[in-house]
Amino acid sequence: MDVMTQLQRQWREHTAYLRKEGYLDDQFEQLQKLQDENSPDFVAEVVSIFFDDSEKLLNNMAGALEQKVVDFKQVDAHVHQFKGSSASIGAMRVKNLCIEFRNHCEAQSLEECVRCLRKLRYEYSLLKNQLEYLFKLEQQIRAAVV
Amino acid sequence: MGAAVDHVTPMGMSGGSAEGNDKSEGQRFSCKSKLTALVVDNGGVCRAIQTALLRSYGVETEAVETGEAAVELIASGATFSLIIIEMLLSFMNGPETAKQIRAMGAQSKILGITAFFDERDQQEFLAAGADNFIEKPLSPEIVIPIINELDN
């Protein structure tokens, strides 16, 4: 089996794994369909924006939860945005944690919010690693074509 | 020998070895008339994805970050077939934005969109002049019927 075939198989297997484990859902496939000759790096570009935005949002949430008087509406607004972006790229596990987080915001439970944020950060970092690995495989595939 | 090119593999390999390349999936639906759209969302990810989805159907699409920017654009004379507005924007919210856009006489189809569907938000958006209200993500199932409607 040549290098290219091997890499492509690894890519397929990794994508299947991410779907099976629930890291990604159907929406990610929608994103892949939007990638073509005119926008060959679309998925990587959008995911890059997602990484930047997510990190900002997570930090904003942390900051809001550290205030002497916590503004839960503010925290909720960040969660809202995070749920929107994660749902849009198909990041299912992250999205589901946002749903949980929102409930804690509505209940105005600081302890639960803090706990949930920790879980969210963790889940997000797992997803980031997985996607970075996927994109690395893609880069190798592209390099193998040359 | 040829590598089995899975249709799910990205890389735009459709130009190369076409073994197993399912092009029927790639037969993209496209709008018939000249349609334009405006995406109003404070999140970069959603702006990028919604814009790309609409453009993939041939809809000329722009995106702005705030309700204020959307209002300014329309006040300056820009018209759009479709305007997609996020509920929770950074300053003026979605419904208020829709209200101001309608007040200017815009006949655009307005689609309210949100991360968390909520009936009160739906009522507020519809009362403000939106035609519809959905939860993200924006999908082909939502967009294609809208485009068909606008085309006719």
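In chain A of this predicted model, residues 24 or more positions apart account for 68% of the contacts with a separation of 6 or more. In chain B, among contacts between residues at least 6 apart in sequence, 60% join residues at least 24 apart. Chain A has six helices and zero strands, whereas chain B has five helices and five strands.

**Chain A as a whole**

- Read along its sequence, chain A follows the pattern α-α-α-α-α-α, and its C-alpha trace spans about 60 × 30 × 20 Å along the principal axes.
- Of the 146 residues in chain A, 49% are buried.

**Chain B as a whole**

- The elements of chain B, read along the sequence, follow the pattern β-α-β-α-β-α-β-α-β-α.
- Buried residues make up 50% of the 152 residues in chain B.
- Chain B exposes about 7100 Å², with carbon and sulfur atoms supplying 49% of this area.

**Nonpolar cores**

- In soluble globular proteins, nonpolar side chains tend to be buried together.
- The largest nonpolar core holds 66 residues, and the members that touch the most other members are A:F50, A:M61, A:F82, A:F101, A:L120 and A:L131.
- Helix α3 of chain A, residues 42-66, contributes 12 residues to this core, which is the largest share.
- When residues up to four places away in sequence are not counted, A:L120 touches A:L58, A:M61, A:F82, A:V94, A:L97, A:C98 and A:F101.
- Another core, of 20 residues, lies apart from the largest one, and its members include B:V64, B:I83, B:I85 and B:F125.

**Where helix α4 of chain A meets helix α1 of chain B**

- Two packed helices are described by the angle between their axes and the distance between the axes.
- For α4(A) and helix α1 of chain B, residues 44-56, the axes come within 8 Å and cross at roughly 35°, and the crossing is left-handed.
- On the side of α4(A), the residues that take part are A:G84, A:S85, A:S88 and A:I89, and in α1(B) they meet B:V45, B:C46 and B:I49.
- By type, the residues of this contact between α4(A) and α1(B) divide into four nonpolar, three polar and no charged.

- A:D76 is placed in helix α4 of chain A, which covers residues 72-89.
- The relative accessibility of A:D76 is 13%, and because buried means under 20%, A:D76 counts as buried.
- With its neighbours within four places in sequence left aside, A:D76 is in contact with A:R102 and A:C105.

- B:R28 is found in the segment before β1 (36-40) of chain B, and with a relative accessibility of 34% it counts as partly exposed.
- Not counting residues up to four places away in sequence, B:R28 touches A:K33 and A:L34 in chain A as well as B:L53, B:S56 and B:Y57 in chain B.
- One of these residues, B:S56, is 28 residues from B:R28 along the chain, and the C-alpha atoms of the two are separated by 7.7 Å.
- A:R12 is found in helix α1 of chain A, residues 3-20, and at 27% relative accessibility A:R12 also counts as partly exposed.
- Although A:R12 and A:L134 are 122 residues apart along the chain, their C-alpha atoms are separated by 9.5 Å.

**Backbone details in two loops**

- The peptide bond that runs from B:K136 to B:P137 is cis, with omega near 10°.
- B:P137 lies in the loop of chain B between β5 (132-135) and α5 (140-151).
- In chain A, A:Q108 is not a glycine, yet A:Q108 has a positive phi of about 55°.
- A:Q108 has its place in the loop between α5 (92-106) and α6 (110-145) of chain A.
- The relative accessible area of A:Q108 is 54%, and since exposed means over 50%, A:Q108 counts as exposed.

Methods. Residues numbered from 1 in each chain as written. Chains lettered and ligands numbered in written order. Predicted model: local features only at pLDDT ≥ 70, side-chain atom pairs only at ≥ 80, totals over all residues. Heavy atoms only, no water. Core = buried A, V, L, I, M, F, W, Y, C linked by side-chain atoms within 4.5 Å. Buried < 20%, exposed > 50% of the residue type's maximum accessible area, 1.4 Å probe, protein only. Helix = DSSP H or I, 4+ residues; strand = E, 2+ residues; numbered from the N terminus. Contact = heavy atoms within 4.5 Å. Axes fitted to C-alpha atoms, helices over the stretch in contact; angles between N-to-C directions. Left-handed = near helix turned anticlockwise from the far one by under 90°. Nonpolar A, V, L, I, M, F, W, Y, C, P; charged D, E, K, R; others polar. Areas by Shrake-Rupley, 256 points an atom, 1.4 Å probe, with all protein chains shown as cover.
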